[in-house]
Amino acid sequence: MKLSKFLVPTLKENPADAEVISHKLMVRAGMIRKLTAGIYSYLPLGYRSLRKVEQIVREEMNAAGAQEVYLPVVQPAELWKESGRWEIYGKELLRFRDRHDRECCLGPTHEEVITDLVRREARSYRDLPINLYQIQTKFRDEIRPRFGLMRGREFIMKDGYSFDTTEDGAERTYLEMRDAYQKIFTRCGLEFRSVEADSGPIGGNFSHEFMVLATTGEDTIVSCDSCDYAANMEKAETGTRSVSFPPPAKAPEPVITPGASTVEQIAKFLGLKAENIIKTLILKTENGPVAVLLRGDHELNEVKVKNFLKVADIDMADAATIEQVTGGPMGFSGPIGLENIRILADRTIFNIESAVVGGNKPETHLINVDPRHHFKVDDSGDFRAATEGDLCPRCSGTLRLNRGIEVGHIFKLGDKYSKAMNACFLDQEGKERFMIMGCYGIGVSRVLAAAIEQNHDDDGIIFPPPIAPFTAIITPVGAKSEPINKVAGDIYEALWKSGLEALMDDRDERPGVKFKDADLLGIPCRITIGQKALSQGNVELRNRRTKETILAPPERVVSEVQKLIESWGQLPHAE
């Protein structure tokens, strides 16, 4: 492949609308171009890398016993109404009507379609288990598409679905898929972590996310420094230590706190730490308002509350609702005297001996409050976001927070969809039973962006060799020299014959321009053929990742490039 004939429109400057490094570099390297908000065209260089990710995914899924299918992008509303997701999925589901006025949507995922297919084709236990997957374009109408391929509206995804006859069988399939995912991301050359996760709108009772570790990641990974516990922020549990206090010696006492309605303002006014304040959050749900009590220095974990209450959504109550529920203005809510509202308390508040709470009156708070004696709660539990230094829920270790990018998610769906859509089979006794399902997704296009977020430097991309568009780029210096061109051509042919994909930079450009473009594109090895080294019987090989340069005779180039590829997993990743 000659660069002069290859569409690689590189840019010197970062695009104005790009916020994250992968978006900036993919546009600058001529890998993608924006069509409209959240929708991108893949240019030849980007598409080559994308296809390599796809192939790794395909090979490992096939090796794990899954079978590839291809399902329709357009889906009828009837299936989504049958599963119950037509109304609850949200505005990300792009709904439309065809010329016959039939309601349809563009598929953001395919649980309904695959369940409909399998329930028609598999009727007996002899037909199961089945594990099917596809690699296909999805569409989710993100309200704020951003970060290039990281959060676009149109994206390429591998989605897989398994159907088993028993819970034990479904568990085995889940573990097989988890193992396959470990192999996929390892083969892609990524540093990643598998973490427990919330199942979200997909549903199910258990799931794991696969996170690529990167300081620029938009997700937070919570992990223990002593055991293998790891979860995303939505799912992360926290341990707690029980503390004993004597009965309260004082009764709650009101104090006037003019202009102090936030935790920071109250702490400053009263000369206390935020951890001595209990904040009362009034939330709106489809089942009515609820109150959640948190320590002042902690933040609400909405997913934990939603899951505990089994509601579809929660929102912070407005001023009118707060006044109706508490009798006081926003910023001064407290648990004492609250009636006709369910009160949830994060368990950490019970480790406060003497707390400050809102007084449910303008500019009023109560001090000397003992959360074990001075008010009643309906339920207590873990309702907060984990923080650095929290106690691990599984051992005596400490929780640490790191950044990551979600690239894969696997779910135990159970019979959520099979029951809703009557996907049954006849067991060995002739009885109808619901199929037990699993769901397995990989953001193929996101893997590409995440790889760049994890592997780059000031000069550009540093592609892991397995997903690099080319393994080596050959840069003749002095393109009009016949000996240089001859050696460059011979090396080019030798690399391709050995299964190593090479790009020939045959452009009539200055060496500095070629070198800068080679670094920007992130190709693992640059092979420079110049007059000085060639006069000594050598060419120059530069490792894009380590920036190390060696001299080698042309006949050793193939073996040296192979060594470079093999060394990738033995070095720390660039960030």
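Two strands count as paired if DSSP finds at least two bridges between them. Helices (H or I, at least four residues) and strands (E, at least two) are themselves DSSP runs, numbered from the N terminus.

These legends describe a predicted model, in which local features need pLDDT of at least 70, side-chain atom pairs count only at pLDDT 80 or more, and totals for chains, interfaces and linings use all residues. Residues are numbered from 1 along each chain as its sequence is written, and side-chain values use heavy atoms, with hydrogens and water left out.

**Figure 1. An open sheet of five strands.** Reading across this sheet, the order is β16-β14-β15-β17-β20, and the pairing is mixed. Strands of a sheet pair through backbone hydrogen bonds, either parallel or antiparallel. At the edges are β16 (314–316) and β20 (379–381), each of which pairs on one side only. From one strand to the next, the twist averages 30°. Look for strand β17 (residues 342–346), which runs parallel to β20 and is joined to β20 by three bridges. Here Ala-345 has Ser-380 of β20 as its bridge partner.

**Figure 2. The whole protein chain, for orientation.** Before moving on, here is the overall picture. The protein chain has 15 helices and 31 strands. Along the principal axes, its C-alpha atoms fill a box of roughly 95 × 70 × 50 Å. Of the 575 residues in the protein chain, 53% are buried; buried means under 20% relative accessible area, exposed means over 50%, and partly exposed lies in between (1.4 Å probe, protein chains only). Contact means heavy atoms within 4.5 Å. Among contacts between residues at least 6 apart in sequence, 69% join residues at least 24 apart.

**Figure 3. The largest nonpolar core.** A nonpolar core is a set of buried Ala, Val, Leu, Ile, Met, Phe, Trp, Tyr and Cys residues joined through side-chain atoms within 4.5 Å. The largest one here has 58 residues, and those with the most contacts inside it include Met-31, Tyr-181, Ile-184 and Phe-463. Helix α11 (residues 444–454) gives the largest share of this core, seven residues. A second, separate core has 22 residues, among them Ile-474, Ala-502, Ala-552 and Val-557. Which residues does Ile-184 touch, leaving aside its neighbours within four places in sequence? Ile-184 is in contact with Ile-56, Val-57, Glu-60 and Ile-442.

**Figure 4. Helices α2 and α6 side by side.** Two packed helices are described by the angle between their axes and the distance between the axes. Axes are lines fitted to C-alpha atoms, for helices over the stretch in contact, and angles run from 0 to 180 degrees between N-to-C directions. The axes of α2 (residues 44–63) and α6 (residues 167–187) cross at roughly 150° and come within 9 Å. The two helices are therefore roughly antiparallel to each other; angles under 35 degrees count as roughly parallel, over 145 as roughly antiparallel, 65 to 115 as roughly perpendicular and the rest as oblique. Residues making the contact include Ile-56, Val-57 and Glu-60 of α2, with Tyr-181, Ile-184 and Arg-187 of α6.

**Figure 5. Helices α1 and α11 at an angle.** Helix α1 (residues 21–28) packs against α11 at about 105°, and their axes are 8 Å apart. These two helices are therefore roughly perpendicular to each other. From α1, the contact is made by Ile-21, Ser-22, Leu-25 and Met-26; from α11, by Leu-448, Ala-449, Ile-452 and Glu-453.

Figure 6. The hairpin formed by β30 and β31 has five residues between the strands, and Lys-547 in the turn has a positive phi of about 65°.

Figure 7. Most residues other than glycine have a negative phi, and most peptide bonds are trans. The peptide bond from Leu-128 to Pro-129, however, is cis, with omega near 5°. Asn-360 is not a glycine, yet has a positive phi of about 55°. This residue lies in the loop between β18 (355–358) and β19 (364–369) and is buried, with a relative accessible area of 9%.
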